Amino acid sequence: MKKTTRVNHPPAVNVPAGNRPVVAPIYQSVKFTFADTAETAGFLRGEREGFFYSRTSNPTLRQLELLLAELQGRDDCLLTGSGVATIAATLLSLCRQNDHVLAFVESYGPSRYLLRDLLGKFGVRHTLLSIEDLAGIEQVLAKTPTRLVLFESPTNPVTKIADIEHITTLARRNGALTVLDNTFAGFHNHGQFPIDIFLHSLTKFASGHSDVLGGAIIASQPLIAKLRKDLVSLGPSLDPHAAFLIQRGMRTYFLRYERQCANAIAVARLLAADARVRRVFYPGLETHPQHALAARQMQDFGSVVSFELDGDYAVGDRFADALQLFAVTPSIGSVESLIMPPRILGGGDLTPDQRVLAQMTPGTVRLSIGVEDVDDLLQDLKAALDRAFA
Ligand SMILES: Cc1ncc(COP(=O)(O)O)c(C=O)c1O
(Lines give C-alpha, C1' and ligand atoms only; values in the text may rest on other atoms or scores of the structure.)
Protein backbone atom coordinates (compact mmCIF):
# COMPACT_ATOMS: atom_id res chain seq x y z
CA MET A 1 0.00 0.00 0.00
CA LYS A 2 1.42 3.38 -0.98
CA LYS A 3 1.57 6.10 1.69
CA THR A 4 -1.05 8.18 -0.11
CA THR A 5 -3.38 5.20 0.23
CA ARG A 6 -2.29 4.38 3.77
CA VAL A 7 -3.27 7.78 5.16
CA ASN A 8 -6.78 7.04 3.99
CA HIS A 9 -6.79 3.46 5.28
CA PRO A 10 -4.96 3.72 8.64
CA PRO A 11 -4.22 0.69 10.83
CA ALA A 12 -7.28 -0.51 12.78
CA VAL A 13 -7.02 -0.66 16.58
CA ASN A 14 -9.57 -2.97 18.15
CA VAL A 15 -10.08 -2.78 21.91
CA PRO A 16 -9.96 -6.43 23.07
CA ALA A 17 -13.05 -8.05 24.61
CA GLY A 18 -13.16 -7.43 28.36
CA ASN A 19 -11.08 -4.25 28.12
CA ARG A 20 -13.55 -1.36 28.22
CA PRO A 21 -12.98 2.41 28.38
CA VAL A 22 -14.64 4.12 31.35
CA VAL A 23 -15.83 6.91 29.07
CA ALA A 24 -17.37 5.78 25.79
CA PRO A 25 -15.34 6.94 22.78
CA ILE A 26 -16.58 9.59 20.40
CA TYR A 27 -17.67 7.85 17.20
CA GLN A 28 -16.61 10.78 15.05
CA SER A 29 -17.45 8.82 11.93
CA VAL A 30 -20.18 9.63 9.46
CA LYS A 31 -20.02 6.16 7.89
CA PHE A 32 -20.05 2.61 9.21
CA THR A 33 -19.57 -0.56 7.16
CA PHE A 34 -20.49 -4.24 7.51
CA ALA A 35 -18.48 -7.35 6.62
CA ASP A 36 -19.94 -7.60 3.13
CA THR A 37 -22.74 -6.44 0.86
CA ALA A 38 -25.12 -9.17 2.02
CA GLU A 39 -24.75 -7.97 5.63
CA THR A 40 -25.28 -4.38 4.51
CA ALA A 41 -28.43 -5.36 2.62
CA GLY A 42 -29.62 -7.27 5.69
CA PHE A 43 -29.14 -4.14 7.82
CA LEU A 44 -31.06 -2.01 5.34
CA ARG A 45 -33.92 -4.54 5.45
CA GLY A 46 -33.97 -4.20 9.26
CA GLU A 47 -32.74 -7.77 9.81
CA ARG A 48 -29.72 -6.85 11.90
CA GLU A 49 -28.63 -4.09 14.25
CA GLY A 50 -25.92 -1.60 13.43
CA PHE A 51 -25.05 1.83 12.17
CA PHE A 52 -24.61 2.96 8.60
CA TYR A 53 -24.80 6.75 8.22
CA SER A 54 -24.68 9.24 11.10
CA ARG A 55 -27.51 11.47 9.90
CA THR A 56 -29.73 8.50 10.75
CA SER A 57 -27.95 7.11 13.80
CA ASN A 58 -24.59 7.03 15.56
CA PRO A 59 -23.42 5.17 18.70
CA THR A 60 -22.32 8.35 20.54
CA LEU A 61 -25.74 9.89 19.94
CA ARG A 62 -27.51 6.67 20.86
CA GLN A 63 -25.90 6.56 24.30
CA LEU A 64 -27.14 10.08 25.03
CA GLU A 65 -30.60 9.29 23.61
CA LEU A 66 -30.99 6.27 25.89
CA LEU A 67 -29.85 8.27 28.93
CA LEU A 68 -32.19 11.21 28.32
CA ALA A 69 -35.21 8.98 27.57
CA GLU A 70 -34.64 7.16 30.85
CA LEU A 71 -34.25 10.38 32.86
CA GLN A 72 -37.46 11.81 31.41
CA GLY A 73 -39.28 8.50 31.90
CA ARG A 74 -40.13 7.67 28.27
CA ASP A 75 -39.00 4.86 25.93
CA ASP A 76 -37.14 6.75 23.26
CA CYS A 77 -35.36 9.94 22.29
CA LEU A 78 -34.17 11.65 19.15
CA LEU A 79 -31.36 14.21 19.17
CA THR A 80 -31.13 17.33 17.03
CA GLY A 81 -28.49 19.96 16.36
CA SER A 82 -30.24 22.61 18.50
CA GLY A 83 -33.24 23.05 20.77
CA VAL A 84 -35.14 25.05 18.22
CA ALA A 85 -34.77 22.19 15.73
CA THR A 86 -36.82 19.97 18.07
CA ILE A 87 -39.71 22.43 17.88
CA ALA A 88 -39.45 22.90 14.10
CA ALA A 89 -39.12 19.18 13.38
CA THR A 90 -41.99 18.20 15.69
CA LEU A 91 -44.35 20.78 14.22
CA LEU A 92 -43.38 20.00 10.61
CA SER A 93 -43.60 16.26 11.13
CA LEU A 94 -46.92 16.15 12.98
CA CYS A 95 -48.96 18.95 11.40
CA ARG A 96 -50.63 19.00 8.03
CA GLN A 97 -52.60 21.66 6.09
CA ASN A 98 -55.61 23.02 8.02
CA ASP A 99 -54.49 21.49 11.29
CA HIS A 100 -54.85 23.71 14.34
CA VAL A 101 -52.22 24.18 17.07
CA LEU A 102 -52.89 25.69 20.48
CA ALA A 103 -49.91 27.67 21.81
CA PHE A 104 -49.29 30.48 24.28
CA VAL A 105 -48.13 34.09 24.38
CA GLU A 106 -45.66 33.09 27.11
CA SER A 107 -43.87 30.69 24.75
CA TYR A 108 -40.30 30.86 23.48
CA GLY A 109 -40.18 33.50 20.69
CA PRO A 110 -39.00 31.20 17.85
CA SER A 111 -41.89 28.81 18.61
CA ARG A 112 -44.27 31.67 17.87
CA TYR A 113 -42.27 32.52 14.74
CA LEU A 114 -42.45 28.92 13.53
CA LEU A 115 -46.22 28.79 13.99
CA ARG A 116 -46.96 32.21 12.54
CA ASP A 117 -44.42 32.63 9.76
CA LEU A 118 -43.39 29.14 8.73
CA LEU A 119 -46.27 26.74 9.36
CA GLY A 120 -48.72 29.53 8.59
CA LYS A 121 -47.40 29.46 4.99
CA PHE A 122 -48.45 25.81 4.71
CA GLY A 123 -51.96 26.42 6.04
CA VAL A 124 -51.42 25.30 9.64
CA ARG A 125 -53.55 27.52 11.91
CA HIS A 126 -52.86 28.40 15.52
CA THR A 127 -54.37 30.17 18.51
CA LEU A 128 -52.26 31.98 21.12
CA LEU A 129 -53.75 32.17 24.61
CA SER A 130 -52.26 32.95 27.99
CA ILE A 131 -51.07 29.82 29.79
CA GLU A 132 -53.13 31.01 32.77
CA ASP A 133 -56.38 31.11 30.75
CA LEU A 134 -57.68 27.69 31.78
CA ALA A 135 -61.24 28.49 30.67
CA GLY A 136 -59.96 29.67 27.27
CA ILE A 137 -57.94 26.47 26.84
CA GLU A 138 -61.04 24.39 27.60
CA GLN A 139 -63.16 26.39 25.16
CA VAL A 140 -60.67 26.33 22.28
CA LEU A 141 -60.05 22.60 22.61
CA ALA A 142 -63.79 21.84 22.81
CA LYS A 143 -64.65 24.02 19.80
CA THR A 144 -61.70 23.63 17.44
CA PRO A 145 -60.31 20.21 16.49
CA THR A 146 -56.66 20.61 17.52
CA ARG A 147 -53.66 18.56 16.41
CA LEU A 148 -51.41 19.53 19.28
CA VAL A 149 -50.94 21.78 22.28
CA LEU A 150 -47.43 23.28 22.51
CA PHE A 151 -46.50 24.77 25.87
CA GLU A 152 -43.77 25.41 28.44
CA SER A 153 -43.49 25.44 32.22
CA PRO A 154 -42.05 27.48 33.89
CA THR A 155 -42.57 30.01 31.10
CA ASN A 156 -40.16 32.55 29.73
CA PRO A 157 -39.49 35.16 31.09
CA VAL A 158 -41.82 35.51 34.10
CA THR A 159 -41.86 31.83 35.21
CA LYS A 160 -45.62 31.21 35.05
CA ILE A 161 -46.51 27.61 35.82
CA ALA A 162 -48.72 25.65 33.38
CA ASP A 163 -51.37 23.51 35.07
CA ILE A 164 -50.13 20.35 33.37
CA GLU A 165 -52.79 18.00 34.71
CA HIS A 166 -55.53 20.32 33.48
CA ILE A 167 -53.94 20.77 30.04
CA THR A 168 -53.19 17.07 29.48
CA THR A 169 -56.70 16.04 30.59
CA LEU A 170 -58.39 18.50 28.24
CA ALA A 171 -56.03 17.67 25.36
CA ARG A 172 -56.65 13.92 25.71
CA ARG A 173 -60.41 14.41 25.95
CA ASN A 174 -60.32 16.35 22.69
CA GLY A 175 -57.83 14.16 20.80
CA ALA A 176 -54.93 16.64 20.79
CA LEU A 177 -51.30 15.66 21.39
CA THR A 178 -49.42 17.50 24.15
CA VAL A 179 -45.93 18.81 23.42
CA LEU A 180 -44.11 20.25 26.43
CA ASP A 181 -40.93 22.26 25.88
CA ASN A 182 -39.41 21.15 29.19
CA THR A 183 -36.14 23.05 28.81
CA PHE A 184 -36.58 25.27 31.89
CA ALA A 185 -37.74 22.41 34.17
CA GLY A 186 -35.23 19.73 33.10
CA PHE A 187 -35.34 15.98 32.55
CA HIS A 188 -36.13 15.12 36.17
CA ASN A 189 -39.38 17.09 36.16
CA HIS A 190 -42.86 16.47 34.75
CA GLY A 191 -42.32 12.83 33.68
CA GLN A 192 -45.29 11.80 35.87
CA PHE A 193 -47.77 13.59 33.57
CA PRO A 194 -49.19 11.96 30.42
CA ILE A 195 -47.32 14.34 28.11
CA ASP A 196 -46.97 12.86 24.61
CA ILE A 197 -43.75 14.62 23.60
CA PHE A 198 -41.08 16.38 25.66
CA LEU A 199 -38.73 18.83 23.94
CA HIS A 200 -35.44 20.04 25.44
CA SER A 201 -32.76 22.45 24.38
CA LEU A 202 -29.61 20.58 25.42
CA THR A 203 -27.77 23.88 25.02
CA LYS A 204 -29.01 24.81 28.51
CA PHE A 205 -28.89 22.52 31.57
CA ALA A 206 -27.77 19.36 29.75
CA SER A 207 -24.48 20.68 28.41
CA GLY A 208 -24.35 23.36 31.09
CA HIS A 209 -21.12 24.97 29.93
CA SER A 210 -22.18 27.33 27.12
CA ASP A 211 -20.01 25.54 24.59
CA VAL A 212 -22.38 23.38 22.57
CA LEU A 213 -25.84 23.46 20.96
CA GLY A 214 -28.21 20.52 20.92
CA GLY A 215 -31.81 19.38 21.27
CA ALA A 216 -33.75 16.29 22.33
CA ILE A 217 -37.24 15.03 21.51
CA ILE A 218 -38.40 12.43 24.05
CA ALA A 219 -41.54 10.35 23.56
CA SER A 220 -42.94 6.85 23.05
CA GLN A 221 -41.12 4.56 20.64
CA PRO A 222 -43.74 4.78 17.82
CA LEU A 223 -43.80 8.58 17.94
CA ILE A 224 -40.00 8.79 17.91
CA ALA A 225 -39.86 6.32 15.00
CA LYS A 226 -42.18 8.58 12.99
CA LEU A 227 -40.27 11.73 13.91
CA ARG A 228 -36.91 10.04 13.18
CA LYS A 229 -38.06 9.08 9.68
CA ASP A 230 -38.99 12.69 8.89
CA LEU A 231 -35.99 14.19 10.67
CA VAL A 232 -33.55 12.10 8.66
CA SER A 233 -34.81 13.90 5.56
CA LEU A 234 -35.04 17.32 7.21
CA GLY A 235 -31.41 16.99 8.32
CA PRO A 236 -30.86 18.87 11.64
CA SER A 237 -28.70 16.07 13.09
CA LEU A 238 -26.46 16.47 16.14
CA ASP A 239 -22.72 16.05 15.56
CA PRO A 240 -21.10 13.18 17.55
CA HIS A 241 -18.56 15.52 19.13
CA ALA A 242 -21.38 17.77 20.36
CA ALA A 243 -23.18 14.67 21.68
CA PHE A 244 -20.03 13.69 23.56
CA LEU A 245 -19.77 17.13 25.20
CA ILE A 246 -23.44 17.00 26.20
CA GLN A 247 -22.99 13.47 27.55
CA ARG A 248 -20.08 14.77 29.62
CA GLY A 249 -22.21 17.69 30.81
CA MET A 250 -24.91 15.27 31.94
CA ARG A 251 -22.52 13.74 34.48
CA THR A 252 -22.88 16.87 36.61
CA TYR A 253 -26.46 17.72 35.61
CA PHE A 254 -28.02 17.00 39.01
CA LEU A 255 -25.20 18.66 40.97
CA ARG A 256 -25.42 21.79 38.86
CA TYR A 257 -29.22 21.94 38.87
CA GLU A 258 -29.35 21.56 42.64
CA ARG A 259 -26.74 24.27 43.23
CA GLN A 260 -28.38 26.60 40.70
CA CYS A 261 -31.78 26.20 42.41
CA ALA A 262 -30.24 26.88 45.85
CA ASN A 263 -28.57 30.03 44.49
CA ALA A 264 -31.77 31.06 42.67
CA ILE A 265 -33.97 31.04 45.77
CA ALA A 266 -31.39 33.14 47.65
CA VAL A 267 -31.32 35.64 44.76
CA ALA A 268 -35.14 35.71 44.61
CA ARG A 269 -35.36 36.42 48.35
CA LEU A 270 -32.77 39.20 48.14
CA LEU A 271 -34.64 40.90 45.28
CA ALA A 272 -38.04 40.45 46.95
CA ALA A 273 -36.75 42.34 50.00
CA ASP A 274 -35.50 45.30 47.94
CA ALA A 275 -37.82 48.33 47.57
CA ARG A 276 -36.33 49.13 44.14
CA VAL A 277 -37.79 45.89 42.80
CA ARG A 278 -41.55 45.95 42.11
CA ARG A 279 -42.14 42.21 41.74
CA VAL A 280 -40.09 39.03 41.69
CA PHE A 281 -41.09 36.01 39.61
CA TYR A 282 -39.64 32.77 40.98
CA PRO A 283 -41.89 29.74 41.51
CA GLY A 284 -39.97 28.81 44.67
CA LEU A 285 -41.08 32.01 46.43
CA GLU A 286 -44.17 31.58 48.58
CA THR A 287 -45.43 34.87 47.10
CA HIS A 288 -45.41 33.45 43.53
CA PRO A 289 -49.11 33.17 42.58
CA GLN A 290 -48.61 29.54 41.49
CA HIS A 291 -46.14 28.46 44.16
CA ALA A 292 -48.46 25.67 45.40
CA LEU A 293 -48.98 24.36 41.85
CA ALA A 294 -45.23 24.45 41.19
CA ALA A 295 -44.54 22.61 44.45
CA ARG A 296 -47.06 19.89 43.46
CA GLN A 297 -45.73 19.50 39.92
CA MET A 298 -41.99 19.96 40.30
CA GLN A 299 -39.19 18.59 42.44
CA ASP A 300 -37.49 22.02 42.47
CA PHE A 301 -38.09 25.42 40.94
CA GLY A 302 -35.40 26.01 38.34
CA SER A 303 -32.68 28.60 37.98
CA VAL A 304 -34.50 31.43 36.19
CA VAL A 305 -35.39 34.39 38.39
CA SER A 306 -37.18 37.28 36.73
CA PHE A 307 -38.19 40.55 38.28
CA GLU A 308 -39.52 43.99 37.55
CA LEU A 309 -37.27 46.93 38.31
CA ASP A 310 -39.01 50.07 39.51
CA GLY A 311 -37.71 51.95 36.48
CA ASP A 312 -37.48 52.20 32.70
CA TYR A 313 -35.13 50.81 30.04
CA ALA A 314 -32.35 53.21 31.09
CA VAL A 315 -32.43 51.90 34.68
CA GLY A 316 -32.36 48.32 33.31
CA ASP A 317 -29.35 49.17 31.14
CA ARG A 318 -27.46 50.71 34.09
CA PHE A 319 -28.29 47.70 36.28
CA ALA A 320 -27.12 45.16 33.66
CA ASP A 321 -23.97 47.12 32.83
CA ALA A 322 -23.02 47.47 36.52
CA LEU A 323 -23.13 43.70 37.15
CA GLN A 324 -19.71 42.05 37.20
CA LEU A 325 -20.70 38.38 37.37
CA PHE A 326 -23.74 38.28 35.04
CA ALA A 327 -23.07 38.28 31.29
CA VAL A 328 -25.56 40.21 29.16
CA THR A 329 -26.39 37.39 26.80
CA PRO A 330 -29.28 35.05 25.89
CA SER A 331 -29.88 31.50 27.08
CA ILE A 332 -30.28 29.97 30.52
CA GLY A 333 -29.12 26.97 32.53
CA SER A 334 -25.35 27.39 32.27
CA VAL A 335 -22.78 27.33 35.09
CA GLU A 336 -22.22 31.08 34.79
CA SER A 337 -24.93 33.61 35.66
CA LEU A 338 -26.57 35.56 32.85
CA ILE A 339 -28.86 38.56 32.50
CA MET A 340 -31.30 39.75 29.86
CA PRO A 341 -32.16 43.41 30.59
CA PRO A 342 -35.60 44.76 29.56
CA ARG A 343 -34.38 46.48 26.38
CA ILE A 344 -33.18 43.24 24.84
CA LEU A 345 -35.48 40.69 26.44
CA GLY A 346 -37.44 40.18 23.21
CA GLY A 347 -41.14 39.68 22.72
CA GLY A 348 -41.13 42.39 20.04
CA ASP A 349 -43.49 40.29 17.92
CA LEU A 350 -46.20 40.39 20.60
CA THR A 351 -49.05 42.91 20.39
CA PRO A 352 -49.34 45.37 23.32
CA ASP A 353 -52.22 43.25 24.70
CA GLN A 354 -50.17 40.07 24.41
CA ARG A 355 -47.24 41.76 26.19
CA VAL A 356 -49.58 42.62 29.06
CA LEU A 357 -50.67 38.95 29.21
CA ALA A 358 -47.02 37.85 29.13
CA GLN A 359 -46.28 40.40 31.92
CA MET A 360 -43.38 41.93 30.00
CA THR A 361 -42.86 45.57 30.94
CA PRO A 362 -40.00 48.08 30.43
CA GLY A 363 -38.75 46.96 33.86
CA THR A 364 -38.72 43.18 33.29
CA VAL A 365 -35.31 41.58 33.81
CA ARG A 366 -34.49 37.87 33.41
CA LEU A 367 -31.65 36.30 35.33
CA SER A 368 -30.27 32.82 34.80
CA ILE A 369 -28.49 31.82 37.96
CA GLY A 370 -25.25 29.86 37.78
CA VAL A 371 -23.19 27.85 40.23
CA GLU A 372 -21.00 30.69 41.56
CA ASP A 373 -20.64 31.39 45.28
CA VAL A 374 -24.01 32.69 46.40
CA ASP A 375 -22.61 35.55 48.50
CA ASP A 376 -20.68 36.85 45.51
CA LEU A 377 -23.87 36.81 43.41
CA LEU A 378 -25.91 38.60 46.09
CA GLN A 379 -23.23 41.24 46.59
CA ASP A 380 -22.97 41.83 42.83
CA LEU A 381 -26.75 42.27 42.52
CA LYS A 382 -26.93 44.66 45.49
CA ALA A 383 -24.06 46.79 44.16
CA ALA A 384 -25.65 46.91 40.67
CA LEU A 385 -29.01 48.02 42.12
CA ASP A 386 -27.19 50.79 43.98
CA ARG A 387 -25.48 51.90 40.75
CA ALA A 388 -28.71 51.70 38.70
CA PHE A 389 -30.66 53.88 41.14
CA ALA A 390 -27.82 56.24 42.18
C1 LIG B 1 -37.65 27.24 26.25
C2 LIG B 1 -36.66 27.15 25.14
N3 LIG B 1 -36.86 26.26 24.15
C4 LIG B 1 -36.00 26.15 23.12
C5 LIG B 1 -34.89 26.94 23.02
C6 LIG B 1 -33.99 26.81 21.82
O7 LIG B 1 -32.82 26.23 22.13
P8 LIG B 1 -31.49 26.33 21.22
O9 LIG B 1 -30.91 27.67 21.48
O10 LIG B 1 -30.69 25.18 21.68
O11 LIG B 1 -31.93 26.20 19.79
C12 LIG B 1 -34.63 27.89 24.02
C13 LIG B 1 -33.43 28.74 23.91
O14 LIG B 1 -33.31 29.80 24.48
C15 LIG B 1 -35.54 28.01 25.10
O16 LIG B 1 -35.35 28.93 26.08
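For the residue classes used below, Ala, Val, Leu, Ile, Met, Phe, Trp, Tyr, Cys and Pro count as nonpolar, Asp, Glu, Lys and Arg as charged, and the others, Gly among them, as polar. This is a predicted model, where local features need pLDDT of at least 70, side-chain atom pairs count only at pLDDT 80 or more, and totals for chains, interfaces and linings use all residues. Numbering runs from 1 along each chain as its sequence is written, and side-chain values use heavy atoms, with hydrogens and water left out.

**View 1. The shell around the ligand.** There are 13 residues around the ligand, the closest being Gly83, Asp181, Ser201, Thr203 and Lys204; a residue makes the list if one of its heavy atoms lies within 4 Å of the molecule. Sorted by class, the shell has 4 nonpolar, 6 polar and 3 charged residues. Helices here are DSSP runs of H or I with at least four residues, strands are E runs of at least two, and both are numbered from the N terminus.

View 2. From Lys204, a side-chain N or O atom is 2.9 Å from an oxygen atom of the ligand. On its own the ligand has 390 Å² of accessible area, and the protein covers 89% of that (Shrake-Rupley method, 1.4 Å probe).

View 3. Val335 is in the loop between strand E10 (327-328) and strand E11 (338-340). Skip the neighbours within four places in sequence, and Val335 is in contact (heavy atoms within 4.5 Å) with Gly208, His209, Arg256, Gly370, Val371 and Glu372. Take Arg256: 79 residues separate it from Val335 in sequence, yet the C-alpha to C-alpha distance is 7.2 Å.

View 4. Ser153 and Pro154 are joined by a cis peptide bond with omega about -10°. Pro154 is in the loop between strand E4 (148-152) and helix H7 (164-173). Pro157 lies in the E4 to H7 loop too, and the peptide bond from Asn156 to Pro157 is cis, with omega near 0°.

**View 5. A positive phi at His190.** Most residues other than glycine have a negative phi, and most peptide bonds are trans. His190 is not a glycine, but its phi is positive, about 75°. Look for His190 in the loop between strand E5 (177-181) and strand E6 (197-201).

Note on methods: Polar contact = N/O pair within 3.5 Å; in protein donor to acceptor, adjacent residues only side chain to side chain.
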